[in-house]
Amino acid sequence: MHETFEVTPAGFQLAGRPFRVLSGALHYFRVHPDQWRHRLRMLRAMGLNTVETYVPWNLHEPRRGEHHFAGLTDLGGFLDAARDEGLYAIVRPGPYICAEWDNGGLPSWLTGALPPTRLRCADPEYLAEVDRWFDVLIPHVAARQLTRGGTVLMVQVENEYGSYGSDLTYLRHLADGLRERGIAVPLFTSDGPEDHMLTGGSVPGLLATVNFGSRPLEAFAKLAEHRPQDPPMCMEFWCGWFDHWGHDRVLRDPADAAKDLDAMLAAGASVNIYMAHGGTNFGTTAGANLAAPGLDGDYRPTVTSYDYDAPIDEAGRATPKFWAFREVLSAYRNEVDGPLPEPPAPTPVQARTSVTLAQGVRLEQVIDSVGLPETVAPNPPTFEELGIVHGIVRYTATVPGLRTAYPLVLRGLADRAQVAVDGVVLGVLERDRPADLSFAVPAEGARLELLVESMGRANYGPIVGERKGLTGGVLHERQYVHGWTARPLPLDGPLPAVPWDSSADDTVDGPAFRRGFVTVGEPADAWLRPGGGKGYLWLNGFLLGRCWSAGPQRALYAPAPLWRPGPNELVVLTLDPPLTAATPAVVDLLDSPALS
């Protein structure tokens, strides 16, 4: 006989007995699978009985019809591990998840085909794609429900929809689709504790929950105004926050967070701590936000680390916030939760050292040798039109002469471009940061070359679904430049096949891939700090993520399972400022994070 989980006006019930959900967010796709069990045990040791995770559609289906459910995408394996470690699970399958994740989890092949106004609503073409995806995804969740002997006790409908829209037909379609595909456990929505969010995002008959970081009693009072029969639950208790490149870290005092956690639990509520363990935005998966959450504001891409100032840090270690939360949670555990275990031992770390990246191959050479085929078009095509998710695109065109110096304007630049005219680099243009890169053109014309790099797609607000690359054309003064050739180098997967043997080791300058090796004994955690500038960092062919001396993240977390005894390959793609042959690239191995 399997357990049952029910929602009643008096509270949650598990197998007919009162049950308080003490949950923590831990995203399987932000943690190496070999470390899942360690992190799940850390949740148990903090006093939690449940783990919550989103499901990022774009990671599972990066190209239409190509589905992944292994390694970082082994959702079923993660839920099975949670069951084995004595944790229940809450699953939030989207299709939109926010989560400071690229495009809010929506695939770029989908958002490249539909304008933003047709997303997250009852648009027939959008719903058809969601239904097709849910046909593949939901069986993995349904098979692991509490009602079938598994661990899943709740499933979310969409995500914070009231912050975005008010299409009840859309929400009903999703809820009905979950039921039709076998979801029998309670469904719920989660929104901010504001009138318009709760009215726009909740569904009659489904549990409504609220998300907040402070003033819990006020939040639950607002929830009660709209849903007096729903037991109070905070589905996202923001105990920390995420960071953006070029901006200060956002930190929260452990005592302050513990005080609010205690207040909500004392009021009889259930909670999901967001994040209990943040993990890492490996590769190019980090999203972006605007300084203002509406239609305007500076673009702010999220860093590779998703440490979140969480009680369990990026490397899975207990922080002062962990111990403060453990003390609070210990007073509110259910009898069925059992004794509070001690935390598992942390993963060992490597000794500090430095590695010189002696080999180098120019980026231009890599694009020419292993980039995707060239596309010729009157105007520069977007990344989506070129069929890539993230990476570098080299755009080239001829500007006719003779003409005096005029400013170069890249309309809709998303997100950075190194500009060269006749082989001479003029500088770098960044989205939302105007700069004067004027140039004159001789009578025979000038070759304009733009190396355009994408950063994270917006994960929140009305511009979710934005396109990357040159989205609005290129102007010299007010005249469009036409006749473009575009060649992409995707950087959303393993290390490209860099032709190392075809380049001299010590004569490379400018944007380039650079390689070195470091020998280790036993695999252990480390943090890798490149020597400066902006770029990407691979360990043994695995893309750890973007790196940038703009901070606040100075080193990338390199978990133990990615290392191997003996030589390990480190590769950095340095974009700007470009290094020269006289300035060797160096990567420092650190034994602790470098977040400032």
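Predicted model: local features only at pLDDT ≥ 70, side-chain atom pairs only at ≥ 80, totals over all residues.
I started with contacts (heavy atoms within 4.5 Å): among those in the protein chain between residues at least 6 apart in sequence, 79% join residues at least 24 apart. Residues are numbered from 1 along each chain as its sequence is written, and side-chain values use heavy atoms, with hydrogens and water left out.

**Whole chain**

I looked up the overall size next. The C-alpha trace spans about 85 × 55 × 40 Å along its principal axes. I also checked the burial: 60% of the 596 residues are buried (under 20% relative accessible area, with a 1.4 Å probe and protein chains only). For secondary structure I got 12 helices and 35 strands; these are DSSP runs, numbered from the N terminus, with helices (H or I) of at least four residues and strands (E) of at least two.

**The five-strand sheet**

Which order do the 5 strands of the open sheet take? I read S15-S29-S34-S31-S32, with antiparallel pairing; two strands pair if DSSP finds at least two bridges between them. S15 (359-362) and S32 (542-548) are the edge strands, each with a single partner strand, so one side of each has no neighbour in the sheet. Neighbouring strands here are turned by 20° against each other on average, direction ignored. Helix H11 (residues 363-370) packs on this sheet and touches S15, S29 (512-520) and S34. The direction of H11 makes about 65° with that of S15; axes are lines fitted to C-alpha atoms, for helices over the stretch in contact, and angles run from 0 to 180 degrees between N-to-C directions.

I then zoomed in on S31 (residues 534-539) and S34 (residues 566-576), which pair over 6 bridges. Leu539 has Leu570 in S34 as its bridge partner.

**Strand S35**

Why is S35 (residues 585-590) largely enclosed by the rest of the structure? I found that 5 of its 6 residues are buried, so that explains it. S35 pairs antiparallel with S14 (residues 353-357) over 5 bridges, and Leu357 stands opposite Ala585. S35 also pairs antiparallel with S30 (residues 526-530), over 4 bridges, and there Arg529 stands opposite Asp588.

**The three-strand sheet**

Last, I looked at the open sheet in the order S1-S2-S3, which is antiparallel too. S1 (5-8) and S3 (17-18) stand at its edges, each with a single partner strand. S2 (residues 11-14) and S3 pair over 2 bridges, and Leu14 has Arg17 as its bridge partner in S3.

Definitions and conventions
Buried < 20%, exposed > 50% of the residue type's maximum accessible area, 1.4 Å probe, protein only.
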